[in-house]
Amino acid sequence: MLGFGYKQSHADHTMFIKGGAGKIAVLIVYVDDIIMTGNDVNEILNLKSSLAQEFEIKNLGSLRYFLGMKVARSDRGIFISQRKYILDLLEETGMLGCRPADSPIEANHHLSGNGGGCTDKERYQRLVGRLIYLAHTRPDVTYAVSVVSQFMHDPRASHLDAVYRILRYLKSAPGKGILFSNHGHLRLETFTDADWAGSVDDRRSTSGYCTFIGGNLVTWRSKKQSVVARSSAEAEYRAMAHGVCELLWLQTVLRDLGITDNGPMKLYCDNKAAINIAHNPVQYDRTKHREIDRHFIKEKLSAGLICMPFVRSEDQLAGIFTKGLGSKSFHPIVFKLGLIDIFAPT
């Protein structure tokens, strides 16, 4: 991968894919920053030459730093982190000397809209906005950030305390990031989970998923569901539908990059009732949104695009995106997600 800079007033980020005879060069643009990669050196050089004729660009060499993200390479693979971003954030908030926390949010927390006295709304929104960007490389804080972001319109003292707990957790390992290694395959897999009726305010469930390509974590999400689920199976089923959509999107991206399929994509779920509903053609519920999800998932199963292995709850990696976990459950999942700290003393 190569880093570039160029002058243009366009603010959107775009991906361009150029291919010929299996040769592909990929260009990712954000404002005046560019990442270029591909599977053919000549194709990359041709694209660089074409860009230089149209724009004033500067070749920054191998990618090392991009939009606050640090890229490091070793024999183990490619490591991405936001260590400097975290340290700057801790310094700005006066938290560099704070006592570290062992998890980003309390297990079985009960944060709600009625969270005590008011707090500085502008400061709260600024801090949460910084944390949202940090979640691009720190899936371990994704759920906690998702929770505190729900109170941006009217933050209270308890919500700000939850934000400071996230900062205290980041203090414990600011150099933690994602390692991308060669595991000898390019299988697509996703783990999906849901916390049924977890929201104290409206009893909506939280969906979560994490997706792997070749054993490497590439996408993840934690989001409150848009409607109230009447059973845990319904909440899990809706989370499964989100996971299937993510798998199909990644499959399309891989095909555009010239990477062929490697068997059916796996969707891991720890709810046997939801898995049975997916395989059973009997209509369990006449609710329209539930019916659409059921037909959508059944269609992909029948086509052989996906399969749904059962996974035990203790091995459910997506659980970290749906609820607060104790340190004994939290840290093993973080390790399995591929998060390491190359800056930690050995």
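Author: S12 gives the most to the lining of the largest pocket, with nine residues. A pocket here is found on a 1 Å grid over the protein atoms alone: it is an open set of points with protein on both sides within 12 Å along at least five of seven lines, and its lining residues have an atom within 4 Å of a point. The model is predicted, so local features need pLDDT of at least 70 and side-chain atom pairs count only at pLDDT 80 or more, while totals for chains, interfaces and linings use all residues. Residues are numbered from 1 along each chain as its sequence is written, and side-chain values use heavy atoms, with hydrogens and water left out.

The pocket holds about 2500 Å³ of space; a volume is the space filled by probe spheres set on the grid points, which are joined across faces, edges and corners. Its lining has 49 residues, and Ile28, Ile80, Phe180, Val218 and Thr219 lie nearest the centre. The chain around it has nine helices and 15 strands, which are DSSP runs numbered from the N terminus (H or I of at least four residues for helices, E of at least two for strands).

S12 spans 216–224, and Gln225 is found in the loop between S12 and helix H6 (232–256). Gln225 is buried at 3% relative accessible area; buried means under 20%, exposed over 50%, and partly exposed in between, with a 1.4 Å probe and protein chains only. The side chain of Gln225 makes two polar contacts in this account: one of 2.7 Å with the side chain of Ser207, and one of 2.8 Å with that of Arg238. A polar contact is a pair of N or O atoms within 3.5 Å; within protein, one must be able to donate a hydrogen and the other to accept it, and residues adjacent in sequence count only if both atoms are side-chain atoms. Leaving out residues up to four places away in sequence, Gln225 also touches others, including Ala194, Arg204 and Ala239; contact means heavy atoms within 4.5 Å.

A nonpolar core is a set of buried Ala, Val, Leu, Ile, Met, Phe, Trp, Tyr and Cys residues joined through side-chain atoms within 4.5 Å. This one has 46 residues, and those with the most contacts inside it include Leu131, Leu170, Phe191 and Cys210. Among the elements that give two or more residues to this core are helix H3 (121–134), helix H5 (157–172), strand S11 (206–213) and S12. H5 gives the most, with seven residues.

Leu170 touches Ile86, Leu131, Leu134, Arg138 and Val141, not counting residues up to four places away in sequence. Arg138 lies in the loop between H3 and H4 and counts as buried at 0% relative accessibility. Its side chain reaches the backbone oxygen of Ala173 at 3.1 Å. With neighbours within four places set aside, the contacts of Arg138 include Tyr169, Trp220 and Leu339.

Cys210 is buried, at 0% relative accessibility, whereas Cys118 is exposed, at 61%. Counting disulfides as pairs of cysteine sulfur atoms within 2.5 Å, the total is zero.

Phe191 leads on to strand S13. The C-alpha atoms of Phe191 and Tyr268 are separated by 4.7 Å, although the two are 77 residues apart along the chain. Tyr268 is found in S13 (residues 265–268) and counts as buried at 15% relative accessibility. A polar contact of 3.3 Å links the side chains of Tyr268 and Glu189.

Two loop residues remain. Val31 is not a glycine, yet it has a positive phi of about 55 degrees; it lies between strand S3 (23–30) and strand S4 (33–38). Arg203, also not a glycine, has a positive phi of about 60 degrees and sits in the loop between strand S10 (188–195) and S11. Both are partly exposed, Val31 at 28% and Arg203 at 46%.

For the chain as a whole, buried residues make up 46% of the 346 residues. Among contacts between residues at least 6 apart in sequence, 70% join residues at least 24 apart.

Technical notes. On a 1 Å grid over the protein atoms alone, a cavity is a set of points where a 1.4 Å probe fits but cannot get out, and a pocket is an open set with protein on both sides within 12 Å along at least five of seven lines; lining residues have an atom within 4 Å of a point.
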